[in-house]
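Visitor: I am new to this structure and would like to understand the terms used to describe it. May I ask, point by point, what lies behind each of them?

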Amino acid sequence: MFTYLGLKFTFGVIATIGLYTVLWRENKFYRFWEHVFLGLAAGWALVILWTETLRPQWWNKMVGTIAEGGNIAEPGFWAWAIMLPIGFAGYFVFSRKHSWVGRIPIGIIIGLWSGQQFDAWIQRFWPQLNASMVPLIPTDFGLVPYAAPSETVLNATIRQNVYLSQAIGNLIATITLLSVLAYFLFGIELKSKFMQGTTKLGRYLLMVGFGAIFGSTVMMRFTLLIDRMYFIWIEWFQRIVLGG
Amino acid sequence: MQYYDTGWISTVFVLLIVAFVLFNISRAKKNSEVFIRRIAGLNAIDEAIGRSTEMGRPVLMVPGLGDLNAISVQALNIFAYITRTAARFATPIRVCCSQPPVYAVAQEIIRDVYVQEGCPEKYDTDSVRFLSDRQFAFAAAVSGTILREQTAATFFLGEFYAESMIFAETANSVGAIQVASSTENTQTPFFIAACDYVLIGDEFYAASAYLTRQPVLVGSLLGQDWGKMLIMATLALGILLTSFERTKLTEDTYDFEKAGEVVKLDATRLTQPKETTMYHIFNPYQALPLATPREKRPPVVTPVAPSGGQ
Amino acid sequence: MGWNLLAQTATEPSFFNGPNGTIWGWIAGTMLVGFAILIGLLYMPAQGRKYVIAGFTFVCGLFYVLLWLVPTPHDRNPDDVPRGKVEEISFWLSDAVNVFGGLSNILVAMLLLLGVFSLARIHIAKIIKQQKDWVFSVCLIGAMVLIIIAGYNKWLTELNMDPAQLEAIGKLEPNAWPFYKKSQDFLFDGLLQNMDAAMFSVIAFYILSAAYRAFRVRSVEATILLATALLVMMSLLGLVTLYWNMGVDLITRGDPASFWNNLKLKEIADFIGSSFRAPGLRAIDFGIGVGALAMALRLWLGLERAGGSN
Amino acid sequence: MAMPETTNKMFGEKLLSIPRWIWFVLVIILATIPQFVSITIPNVPEDSSAALYKELMTLPEGSTVIVQTDWTKSTQGESRGQFDALMRILMRKNIKFAFMSVADPQASEVARNALKELNAERIKDGDREYKRWEDYVSLGYFPGAEGKGKEIGESMLDAFKASKDKDQNNVERSVLESPVMKGIEKVGDLSAFIVVTASKSITIALERLQDKVKMLGLVTGVMGPETVNYYTSNQLKGLSIGLKGVYDMETMMEYGANYPDSSGKNFYNMKKYTDVVPNWPGKKNMDRGTKYYLTLHFTIGLMIIAVIIGNIGVLLTRKKGNE
């Protein structure tokens with residue numbers, strides 16, 4: 001209990017409980033741990049700022065590194081030094097007169113981000129477009145299960161047939177896809193009953209999807225809670241307090 | 001990009017969307033009287049601010065956890081509108097940021113708003129705060145703020161992850177009106193469950209055009225619509241084509257390694273997914289090995305550091 | 001390639017690089033020039049400013065746009081020599097990714113101090129003015145200082161330690177660790193990490209209460225949400241699935257090809273997943289994707305000022 | 001006649017207004033007690049998990065994979081189980097691996113500690129120890145996933161030329177000299193690129209690498225729904241989602257897939273593949289996933305009950321209203 005590990009775990013548990021008390025209501029104990037949390041987070045950010053980011057990614061590239069035996073592992077590229085003034089410009093945001101200079105690093109960050117989006121769009125959505133182009137006309141009308149188009153059930157060597165149940169599933173998927181897309185058209189006045197119906201349907205189908213997400217997310221949330229309980233009751237209470 | 005075979009089509013597709021946006025922007029500059037469909041969540045903004053004005057409690061705005069990108073910039077654009085209204089009623093505001101660059105931009109935007117509204121003295125630098133770039137430290141701090149300051153209206157717009165539930169339920173427990181939106185689909189259902197108004201997916205990007213009616217934004221919104229219609233059309237076409245092709249009998253098959261060389265089969269069979277036109281368009285054939293191979297650069301000799309090197 | 005600043009792949013010496021310790025002069029010079037330019041910018045006439053910023057944004061974006069549009073070299077090996085002008089450009093671009101890839105991290109990191117500074121400022125002011133809750137501000141600052149000392153202490157100690165000794169310490173039991181390691185581990189692993197996990201797991205409670213409150217048959221939408229959520233949740237539970245499927249097997253009498261197998265919980269969940277959730281999300285993502293694309297375009301071309309409130 | 005109605009209504013209102021703290025206490029109890037009992041629950045693995053298991057089991061012996069670990073303590077409930085299962089398979093198949101992480105500087109250290117425990121387990125089972133430098137290396141932490149992803153896609157040699165690790169004699173050397181990375185010039189030379197993540201980092205990696213190397217994923221339950229799209233569109237070859245995914249992996253490691261048990265009937269038939277994928281008899285296969293999965297039943301059960309109670313309340317009160 002009073003070993004280093006014992007204390008470490010004990011404080012871990014106290015902190016955990018401290019944060020849990022907010023479930024009851026905002027109180028001084030929670031406030032204390034909240035502020036400690038913020039402080040530690042900010043402090044740690046400053047630690048890794050140099051050790052994990054600036055030193056390896058900027059400083060070492062700028063001054064170069066030496067391998068065993070005094071040979072050059074990496075030559076230094078002095079031009080990296082220009083990053084310091086640029087980064088410094090960001091601090092003008094507090095000055096009323098010169099705050100515009102602070103926009104320069106911001107502008108660079110945004111520029112770098114924007115430029116990447118065009119290729120990223122293709123990389124991300126091109127295969128998805130293709131994956132959405134599913135066959136709707138069945139070539140096999142047997143009432144086989146939805147899961148059937150599988151080699152193990154029908155021991156076919158290659159999947160050629162489009163089974164009825166598959167076609168139905170695909171049809172619904174297509175309707176969902178198109179009606180949801182239609183729901184997100186903003187500039188078009190939906191005069192026709194059909195379009196109004198479609199968008200309404202789109203919204204309902206969306207809700208099905210969201211329900212499914214909710215269901216599958218719940219799993220993880222509870223798993224993490226279970227993991228915490230394991231930490232408190234098994235790792236701490238059983239092993240440290242009872243010394244089991 | 002790889003241009004061989006059908007590789008260029010994707011590039012053209014994106015350039016087309018870009019063209020749509022630019023064209024509509026130029027069009028909207030001439031006439032910005034364009035219809036935009038009603039977005040419930042946005043009409044609630046004034047109501048929410050009004051309520052917090054009556055109660056004399058602050059309005060809380062959180063631009064999400066995302067780095068400085070389109071999403072957080074868009075969130076800040078909406079917040080600029082909210083702040084404008086709040087400034088007119090002298091309602092106190094809080095903006096909690098989790099990324100330093102976002103914080104920097106927020107500082108400037110919010111100050112500008114107060115200046116433009118002619119009341120720079122009402123602007124309190126500490127009303128825009130950087131809390132933590134650590135997800136759950138940020139979550140703890142924000143829910144602490146909500147509970148202590150009893151915010152009457154909360155706006156969670158941007159890139160939210162797991163913490164969305166913490167924010168939404170905490171704000172709900174102090175009875176705040178909540179308008180929320182996450183570009184992360186996985187979080188939207190939680191906002192739907194716990195918030196009063198939710199902007200789903202794309203509505204978030206439509207928001208600033210809807211609120212400010214700036215020609216550029218309105219135009220680009222129309223362009224996006226065209227883009228989405230292009231996608232819908234492509235999908236419809238592809239689906240029909242694929243459906244019919246999948247019913248065709250064939251004797252041919254293609255060698256994808258050898259740039260789609262045709263190989264005869266001994267028996268007829270149904271067309272396979274990989275043999276449809278659409279599959280070919282979206283999956284260019286493998287490029288053949290280089291006809292004229294490149295010559296090699298001589299290996300680099302790493303020089304030894306002069307004795308001056310530490 | 002030796003003369004190419006952006007292709008920092010080759011290690012042969014060039015005008016742009018030099019071995020460690022021999023280029024301090026160059027570094028200092030570059031910084032001085034940079035700061036000089038910065039000071040010069042402060043006296044920039046107002047009308048010119050927005051072009052400066054737009055210029056920076058455009059150039060940085062342009063790099064990635066070119067990287068996208070210029071044909072990517074096909075199966076390139078590191079020691080290949082380009083065969084023509086186009087390939088030279090594309091080689092150069094793909095080498096330069098190394099450099100551009102790092103830029104925004106460095107800038108974001110440099111701006112981090114900005115955020116921490118504002119956080120500290122708020123709380124130190126609280127302490128000085130002895131405002132409400134100033135004691136907690138003391139805790140915050142204290143914790144911050146402690147972990148900074150502990151963190152850098154550990155880093156420096158291990159930096160100057162010879163590998164063998166480090167390895168030896170790595171093998172030790174936590175209880176036998178030297179103080180520098182304990183102190184850092186206690187603050188980071190013992191407190192910070194555990195608080196992260198704790199805050200994360202709080203969500204489970206909120207989800208429960210939110211579901212209890214919100215998932216009620218009030219409107220069509222709520223009911224749909226509720227029904228699907230319940231089904232999917234049940235399909236995650238092995239036991240429920242087992243007994244449900246047993247029930248189905250009574251109908252099908254264990255015939256694997258029977259249509260009624262579709263009623264098996266897993267099939268239903270799969271069906272919801274593939275016919276509603278997947279395409280639904282995809283549709284939203286298409287929308288968001290186009291929205292982000294348009295926004296990126298606007299920001300890149302400077303059509304929209306971040307926080308387009310004017 | 002009206003009497004029972006009103007009692008119903010009052011009862012219904014009671015059901016509608018159960019205070020939060022009651023639920024909170026219940027969930028704490030239900031998330032704790034089952035952890036002290038150990039029962040294995042019957043299971044029907046997901047397709048995606050089966051595909052992942054099959055892909056992992058068919059990786060060529062002695063080949064090299066990159067394991068991108070982007071999880072830390074806060075999501076260890078799910079990610080740790082997934083990581084352990086993955087590592088067990090890789091180590092038993094003598095596959096060399098290189099760690100990297102883009103989401104959190106702590107990730108690689110957390111991974112190394114987990115690996116230390118697994119190594120201890122192997123030595124206990126009489127297997128050879130997995131050695132740093134010969135069998136695995138740590139490439140390090142790379143903030144800016146986008147940039148790094150692109151670099152890796154362009155050339156492994158450039159992307160990791162700065163990464164160092166200690167060789168068998170504790171000397172810092174470039175990882176590229178290690179047996180693990182020998183002959184890996186392009187990302188395509190890897191037999192797989194595996195991402196264990198609790199964040200979007202898998203999407204970023206996919207966007208940049210999916211057309212260059214076989215990609216596998218092990219993601220948390222939250223990332224599941226959006227990541228599974230990439231599995232259905234075949235950008236991901238295999239995917240394990242959340243605790244269910246962990247339990248799937250563990251059960252398949254125990255019983256195999258399309259693989260007959262002692263009684264001769266298959267424990268589980270994969271929908272997509274005919275390959276017979278064996279199990280790992282006599283090894284520790286069932287671990288965290290098994291322990292937590294039972295508890296999960298109770299907590300989710302409570303949630304379902306809560307929702308049902310709420311709706312009964314609604315119906316009871318509504319009946320009165322319609323009168």
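Visitor: How many salt bridges are counted between chain C and chain A?

Guide: The count is 5 salt bridges between chain C and chain A. This is a predicted model, in which local features need pLDDT of at least 70 and side-chain atom pairs count only at pLDDT 80 or more, whereas totals for chains, interfaces and linings use all residues. Residues are numbered from 1 along each chain as its sequence is written, chains are lettered from A and ligands numbered from 1 in the order in which they are written, and side-chain values use heavy atoms, without hydrogens and water.

Visitor: Why is the meeting of Asp185(C) and Lys8(A) called a salt bridge?

Guide: The term requires a side-chain nitrogen of Lys or Arg within 4 Å of a carboxyl oxygen of Asp or Glu. For Asp185(C) and Lys8(A) the N to O distance is 2.8 Å, and the pair therefore meets the definition.

Visitor: How many residue pairs of chain C and chain A are in polar contact?

Guide: There are 22 such residue pairs, both residues being at pLDDT 80 or more. A polar contact is a pair of N or O atoms within 3.5 Å; within protein, one must be able to donate a hydrogen and the other to accept it, and residues adjacent in sequence count only if both atoms are side-chain atoms.

Visitor: Which element gives the most to the side of chain C that touches chain A?

Guide: That element is α6(C), with 25 residues. By class, this side of chain C has 92 nonpolar, 30 polar and 15 charged residues. Ala, Val, Leu, Ile, Met, Phe, Trp, Tyr, Cys and Pro count as nonpolar, Asp, Glu, Lys and Arg as charged, and the others, Gly among them, as polar.

Visitor: What area do chain C and chain A bury between them?

Guide: The area is about 13,000 Å², with 80% of it on carbon and sulfur atoms. Buried area is the accessible area (1.4 Å probe) that two parts lose on being put together, summed over both. The contact (heavy atoms within 4.5 Å) takes 137 residues from chain C and 133 residues from chain A.

Visitor: How many residues of chain B are in contact with chain D?

Guide: In that case 6 residues of chain B touch 4 residues of chain D, and the buried area is about 470 Å², of which carbon and sulfur atoms give 51%. The rule finds 2 salt bridges across this interface.

Visitor: How many aromatic pairs does the structure hold?

Guide: Over all chains there are 58 aromatic pairs. Rings of Phe, Tyr and Trp (its six-membered ring) pair if their centres lie within 6.5 Å; planes under 30 degrees apart count as stacked, over 60 as edge-to-face and the rest as tilted.

Visitor: Why is the pair of Trp59(A) and Trp24(C) called tilted?

Guide: The centres are 5.9 Å apart and the planes lie at 40°, so the rings pair but are neither stacked nor edge-to-face. The pair crosses between chains, from helix α2 (residues 28–63) of chain A to helix α1 (residues 24–42) of chain C.

Visitor: Why is Trp59(A) called partly exposed?

Guide: Buried means under 20% relative accessible area, exposed over 50%, and partly exposed in between (1.4 Å probe, protein chains only). Trp59(A) has 27% and Trp24(C) has 39%, so both are partly exposed.

Visitor: What makes the pair of Phe94(A) and Phe117(C) edge-to-face?

Guide: The ring centres of Phe94(A) and Phe117(C) are 5.7 Å apart and their planes stand at 70°, so the pair is edge-to-face. Phe94(A), at 25% relative accessibility, is partly exposed, and so is Phe117(C), at 44%.

Visitor: How do you know whether Trp133(D) is buried or exposed?

Guide: Its relative accessible area is 2%, so Trp133(D) counts as buried. Trp133(D) lies in the loop between α5 (107–124) and β3 (136–141) of chain D, and its phi is near 80°, a positive value in a residue other than glycine. Most residues other than glycine have a negative phi.

Visitor: Is Gly224(D) buried or exposed?

Guide: Gly224(D) is buried, because its relative accessible area is 1%. Gly224(D) belongs to helix α9 (residues 224–232) of chain D and, leaving aside neighbours within four places in sequence, is in contact with Val219(D) and Ile241(D). The C-alpha atoms of Gly224(D) and Ile241(D) are separated by 5.4 Å, although the two are 17 residues apart along the chain.

Key:
Helices (H or I, at least four residues) and strands (E, at least two) are DSSP runs, numbered from the N terminus.
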